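Look through the structure below before reading on.

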Amino acid sequence: MSKLNVKVYPDPILRRKALPIVKVGKEEQKLAYDMIETMRASDGVGLAGPQVGIGKRIIVVEDVDEDSSALVLINPRIVKKKGRSHFCEGCLSMPGIMNDVTRPSSVIVGALNLDGETIKIDAKGLLARILQHEIDHLDGMLFIDRINFLKRRQITRKISAPKTCMEL
Ligand code: ZN
């Protein structure tokens, strides 16, 4: 396993729609293990392909309801969502930024596992939130897209401002 480089906003790959994986093979298995290692080394609870520069529909998430297992989901999609909850989110691709995000509180996600089998995950609470955050990444969406426009402008201005300007 090897640790991958995490792409940081405003890297353009974070805005691109990732492509479906046609066949799950050795390459995807290695990628998944590398992504899990990268997520854990970065103290994250989820990671999506585009965040490590891979434009494919694959995510890894820490199974927060279990002890120490990570879930690998290929071509994940939300098939059902319910409820509403608020939670303060962060993202490995936007270090140092956290904000409240409103999302459905429970979801059912369909995907393929690393053996290419169809799986279905019924998630609520933190796991539901991580899954939604990571699936958003596959569509080029970041959590700041789901917050109030003014807050978002504040955040993106802060990030894109040249260092010298911030000292003025
Ligand atoms: Zn993220």
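Helices (H or I, at least four residues) and strands (E, at least two) are DSSP runs, numbered from the N terminus. This is a predicted model, in which local features need pLDDT of at least 70, side-chain atom pairs count only at pLDDT 80 or more, and totals for chains, interfaces and linings use all residues. Residues are numbered from 1 along each chain as its sequence is written, and side-chain values use heavy atoms, with hydrogens and water left out.

Which atoms coordinate the zinc ion? They are Cys91 (SG), His133 (NE2) and His137 (NE2), at 2.0 to 2.2 Å. Donors are N, O and S atoms within 2.8 Å of the metal (3.2 Å for Na, K and Ca); water is not among the atoms, so sites may look incomplete. Cysteine 91 and histidine 137 are both buried. Buried means under 20% relative accessible area, exposed over 50%, and partly exposed in between (1.4 Å probe, protein chains only).

Helix α2 (residues 125-138) also holds leucine 126. Leucine 126 counts as partly exposed because its relative accessibility is 37%.

Helix α1 (residues 26-41) contains threonine 38. With 0% relative accessibility, threonine 38 counts as buried. Beyond its neighbours within four places in sequence, threonine 38 is in contact (heavy atoms within 4.5 Å) with Ser2, Lys3, Leu4, Val6, Leu47 and Val52.
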